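Here's a quick tour of a protein model, with the cut-offs spelled out as we go. Have the viewer open alongside.

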Amino acid sequence: MGPTLCLLSAACFGAMAIFGKLAYAAGVSPGALLLVRFGLAAGLLAMLLLLRPGLRRDPASPDRQTGFAHVTLGLLVTALGLGAVGYATQASLYFAALDLMDASLLSLVFYTYPLLVTLTAVLLGRDSLTPGRCATLVAASCGTLLVLLGTGGVDFHLLGVALAFGAAVTYTVYILVADTVVHRLPPVMLSALVMAGAALTLAARALVMDGVDLSFGLQGWMWLACIAVVSTVLAMLTFFAGLRRTGPSTAAILSTFEPVVTTALAALTLGEILTPVQIAGGLLVLSSVAALQVHRARPGQHGPVSRQVNADQSLPPRVNA
């Protein structure tokens, strides 16, 4: 069940860009998509925490009577801040890019973030750069170059690529900052707080900008519900369930299935076709990510950052998430 749950989670995450494209076609604006997505997801997670008290339990909690996680004011502010600043920014960049470029290309550009996390951790002195990692980073860079330089049927938009890469960079920073919080709160509780923080930021932005247009039809609401329920809440919960059964390294490797799903669904539903050069580049990037996780799974290689990179999707779900 562990690998199956991880693959199901990757498929749910991978479908998000497709749902987003269909929502745009139904008249939904990026601002409305983000506000409804985070607001609905935060509400569903809060309801789940109320109905399932066990999700609030922390196995490492010193409180042996109830076992509930002890949420300090500092933790609460940090978790809300991760959503209000980091996640809201990353989501805004991602869905702005989705409005300009094809979902398949966006998925491949965004999925450079695991390699950016490794490179940034090395530059910060929080991880070491071995010959194997050097080869992996070079291979991934070449793959990214092939994705960007390949020409053909895909809709290449320079600003869209810049926004997509900005989303990957923002998510990299988010992961490294969240490393101080992710092990101190139950994952569903942390996700609910991050979603709530992002929803608050987007609601405030909507008020400043004279609100968002929610007058689109039933079809638009259906695709927004798919994003919030399928590609956010269900994707996150199935990943947590798979993570408990497989371990972080296996779960991270299986998560490379996500951009494959996005690319396949984009071809089937949106008529987006990548060129052979771009497919080769995408496979090179994904194989580099998988090789990096295999390397981190070897004995003696685990440190604070490597654990975080391996378990990056145990953080609140990304907005390619």
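## Overall fold

The protein chain has 14 helices and zero strands, where helices (H or I, at least four residues) and strands (E, at least two) are DSSP runs numbered from the N terminus. This is a predicted model, so a caveat on confidence: local features need pLDDT of at least 70 and side-chain atom pairs count only at pLDDT 80 or more, while totals for chains, interfaces and linings use all residues. Residues are numbered from 1 along each chain as its sequence is written, and side-chain values use heavy atoms, with hydrogens and water left out.

Of the 321 residues in the protein chain, 53% count as buried. Buried here means under 20% relative accessible area, exposed means over 50%, and partly exposed is in between (1.4 Å probe, protein chains only). Take the contacts between residues at least 6 apart in sequence: 87% of them join residues at least 24 apart. Contact means heavy atoms within 4.5 Å.

Helix α1 (residues 2-14) and helix α2 (residues 16-25) pack at about 25 degrees, with axes 4 Å apart. That makes α1 roughly parallel to α2. The axes are lines fitted to C-alpha atoms, for helices over the stretch in contact, and angles run from 0 to 180 degrees between N-to-C directions. Angles under 35 degrees count as roughly parallel, over 145 as roughly antiparallel, 65 to 115 as roughly perpendicular and the rest as oblique.

Who touches whom? On the α1 side, Cys12, Phe13 and Gly14 meet Met16, Ala17 and Ile18 of α2. Also in α1 sits Ala11, which is partly exposed at 25% relative accessible area. Beyond its neighbours within four places in sequence, Ala11 is in contact with Phe257 and Val261. Ala11 and Leu265 are 254 residues apart in sequence, yet 9.8 Å apart in space, C-alpha to C-alpha.

## Aromatic pairs

Rings of Phe, Tyr and Trp (its six-membered ring) pair if their centres lie within 6.5 Å; planes under 30 degrees apart count as stacked, over 60 as edge-to-face and the rest as tilted. By this rule the count comes to 11 aromatic pairs. One of them is Phe19 with Trp223, stacked because the centres are 5.9 Å apart and the planes are at 25 degrees. This pair links distant parts of the chain, with Phe19 in helix α2 and Trp223 in helix α10 (residues 218-246), 204 residues apart. Both Phe19 and Trp223 are buried.

Tyr171 and Tyr174 are stacked too, at 5.4 Å centre to centre with 20 degrees between the planes. These two sit three residues apart in helix α8 (residues 158-178), about one turn of the helix, and both are buried. Tyr171 and Tyr174 also belong to one aromatic cluster with Phe38, Tyr87, Tyr94, Phe95, Phe110, Tyr111 and Tyr113.

Now for some buried ground. In helix α5 (residues 103-110), eight of the eight residues are buried, among them Leu105 and Phe110.

Is Glu272 buried or exposed? Glu272 is in the loop between α12 (257-270) and α13 (276-296), and with a relative accessible area of 7% it is buried. Setting aside neighbours within four places in sequence, Glu272 is in contact with Lys21, Asp102, Ala103, Ser104, Ala266 and Ala267. Glu272 and Leu105 are 167 residues apart in sequence and 9.1 Å apart in space, C-alpha to C-alpha.
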